[in-house]
Amino acid sequence: MEKKLIYMDNAATTKVKPEVVEAMMPYFTELFYNPSSTYGVAGEIAQEVDKARETIADFLNCEAREVFFTGGGSESDNWAIKGIADARKDKGNHIITSKIEHHAVTHACQFLEKNGYEVTYLDVDEYGMVDPKAVESAIKSNTILITIMFANNEIGTIEPVKEIGRIAHEHGVLFHTDAVQAFGHVAIDVKEMNIDMLSASAHKINGPKGVGLMYINKSIRISNLIHGGGQERGKRAGTTNAAGIIGFGKAVEIAASTLEERREHEMRLRNHMVSRVMEEIPYTKYNGHKTERLSNNASFCFRFIEGESLLLMLDMAGICGSSGSACNSGSLDPSHVLLAIGCPHEIAHGSLRLTISEETTLEDVDYTVDKLKGIVERLRSMSPLYEDFIKKGGND
Ligand SMILES: *Cc1c(COP(=O)(O)O)cnc(C)c1O
């Protein structure tokens, strides 16, 4: 019998839906033409690309010409930050972000710091929330951009973006949000939510890897990302990834029509998983916000446990999880997000992120919790720290 694999790492990437693959296939084979070419068959492909752009624009409540396709979420984040820093350098050199952003944002900001820009990294509370008042206090006369993520990829916390956007606009500052985790999971209306720029990625919502987007409000002047041909209104040159974009459009179409039912299913299973873990595994911390969080995310810290050993043993049991972020895998430093929410180093090391999907079943969840419980017990039984702790009566 084939070994069953339970995939609980949907925040790292998702499976491409068969309907998406089907929509993409012709653009690798009989419709391989360059959509920028002049002959008729090429024009038909360009029309399909535009249809995908319209689907996505409808989903975000913006205009199609405000949607720019890129090579993914990291690329969009880099563009937003460096592109605005460059376009507004005569207006100022100060950027506001948070301490829990994805590395695509954090490292782009650090790059700018080396080039004469000044960056404020805002603290978050114990649930991973950015305080809009702290954003307001950080604004200075030379602030050009606020970039705060929509939802965190490790602990799932959904940030008060609408309020942050309102404050940004009151002070004449642009607001960008990395919505890679939220897009397709939470209803987003960029106009209503005061968002000037937004990054998203196809592979986090059952689309293909290597394609993403940035929504850029039409009134904004931003430096071009890639110089070359006239694709993406000349802002992001390079032969159009027709198959990828059309697949992205299909993924969004499906995500839009299933958003509510997916949310309900995931919430029910996630909540079941969390209550079982918290009831059955002692000395465990549930990370993130109780209610303001992504429906598919559960994040834990198990005391007296090494996250890496935990992942290895889960893997042997056929369960794919993560220690927090795929980008941190292989690194011995605890996650910057867990440290920012006030987890002490030794507790942050025992972290586990499980992100489910609409395909996850109750059986999967119960199997995972059963295994997890046994593994945590086994690992703790080998820990001298745990032994000491129990000898002292199990209290701090
Ligand atoms: C995955 C992710 C990214 C990076 O997106 P890619 O398309 O993989 O480059 C950026 N931000 C967040 C919050 C993410 O979860």
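I began with Phe28, and I found it in the loop that links helix H1 (18–24) to helix H2 (40–60). I kept in mind throughout that this is a predicted model.

Then I turned to backbone angles. Most residues other than glycine have a negative phi, so I noted the exceptions I came across. Asn61 is not a glycine, yet its phi is positive, at about 60°. I placed Asn61 in the loop between H2 and strand S2 (67–70). Is Asn61 buried or partly exposed? Its relative accessibility is 38%, so Asn61 counts as partly exposed.

Asn194 gave me another entry: a positive phi of about 60° in a residue that is not a glycine. This one sits in the loop between strand S6 (174–178) and strand S7 (197–201). I looked up its cover as well: Asn194 has a relative accessible area of 19%, and because the cut-off for buried is under 20%, Asn194 is buried.

I picked the second largest cavity, which holds about 90 Å³ of space. Its lining includes Asn10, Thr14, His185, Lys204, Arg262, Glu266 and Glu358. Ile205 and Ile356 are also among the lining residues. By type, I wrote down six polar, four charged and two nonpolar residues for the lining of the second largest cavity.

Methods
Residues numbered from 1 in each chain as written. Predicted model: local features only at pLDDT ≥ 70, side-chain atom pairs only at ≥ 80, totals over all residues. Heavy atoms only, no water. 1 Å grid on protein atoms, 1.4 Å probe; cavity = no way out; pocket = protein on both sides within 12 Å on 5 of 7 lines; lining within 4 Å. Points joined across faces, edges and corners; volume = space filled by probe spheres on them. Nonpolar A, V, L, I, M, F, W, Y, C, P; charged D, E, K, R; others polar. Helix = DSSP H or I, 4+ residues; strand = E, 2+ residues; numbered from the N terminus. Buried < 20%, exposed > 50% of the residue type's maximum accessible area, 1.4 Å probe, protein only.
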